[in-house]
Amino acid sequence: MATNDNDDDHASRALNEHRRHGVSRPIVETHIHFYQPSRPGGVPWPPPDSTLYRDVLPAEYKHLARHNGIVLAGIVEASPLVEDNQWILDLVRRDSFFAFFVGKLEIGTPDFISNLHRFARDPRFLGIRGYLWSPASGITLDAAQLRDLRELARLGMSLDIISRGTTNPKPKVEELCKAVPHLRIIINHLGGAQGLDPTPEWELSIRRLADVCPNLYMKFSSFYDMYQVGDGNRPWTSPADLAAYKPHFDVLFTAFGPNRLIWGSNWPVSDLGGGFAQQIKLAEDYLAPFGTGVRDKVMFINALKFYRRHH
């Protein structure tokens, strides 16, 4: 998609401002979750038998952020309950550190547009995460879905999606990108990268998507998922060395380039596979040979350009 000079200027000024205040390697976080099982009614996710089933609230994340160079953060909704969007907005209402929110609404439902407009009254509500809780329907691009996706694009909002395995397979993502070419779309969590060596099928699908979908971005996030063991609700141990991740990183970097990769942690889910600071170090170590300019794009500038809203 065409670069907006105002977005470039704003992001560069913000980066330099943080450096002037002593943060040498500022980071914009683009993928964290908050939830509170102890509240009345509980939560639909995570399940009670998961290690993640505990109260996860802003103060805990801000403590991590202070020690790891994170200067702004965006929250991504993990609940299918419509009113949980408001719960998050209220939770961080007076905290400018949490600069944006990606909500969750079911695309193609009768009340999608009315709910979208309701939450959009809050300027921090910049987009939605879609096609997650109802994989059986998934990306159909029927008349109702196209209506909602076009309204999302008209409002200047963005769409986060998962694409791995049978969840939103890459050909369906390509159809989506082409059907709504003015909608900014981002695939979360490395596009389903798994293990040490990229399969030819995965690599081909990633390169094709990056080539034919200029409105598609990739979230450079949740690295430990590549070595997940089990159902993702219990801890596993992922490698701590860059060599275990680099082959997949190379595919994503050469396919999407430095302008369409955007870093995010996927905290607290990321804690199941490894340490928070270690995941940042993997990203920084990978990007270091490309120079500070590329590093700043992936870890800071691209996030501010993607997660914005123009009416």
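1. Start with helix α1, which spans residues 5-20: Glu 17 and Arg 20 sit three residues apart there, so about one helical turn separates them. The two form a salt bridge, with 2.4 Å between the closest N and O atoms. Bear in mind that this is a predicted model.

2. Helix α7 (residues 200-212) has a pair of its own. Arg 207 and Glu 203 are four residues apart in that helix, about one turn. Their salt bridge has its closest N and O atoms 2.9 Å apart. Arg 207 counts as partly exposed, with 32% relative accessibility, and Glu 203 is also partly exposed, at 26%.

3. Asp 122 and Arg 93 meet through their side chains in a salt bridge, at 3.6 Å from N to O. This one links distant parts of the chain, 29 residues apart: Asp 122 is in the loop between α4 (112-120) and β4 (125-129), and Arg 93 is in the loop between α3 (84-91) and β3 (98-103). Is Asp 122 buried or exposed? Asp 122 counts as buried, because its relative accessibility is 11%, under the 20% cut-off.

4. Beyond the pairs, have a look at the network: salt bridges link Arg 19, Arg 25, Glu 284, Arg 295 and Asp 296. Over the whole structure, a search finds 24 salt bridges.

Notes
Residues numbered from 1 in each chain as written. Predicted model: local features only at pLDDT ≥ 70, side-chain atom pairs only at ≥ 80, totals over all residues. Heavy atoms only, no water. Salt bridge = Lys/Arg side-chain N within 4 Å of Asp/Glu carboxyl O. Helix = DSSP H or I, 4+ residues; strand = E, 2+ residues; numbered from the N terminus. Buried < 20%, exposed > 50% of the residue type's maximum accessible area, 1.4 Å probe, protein only.
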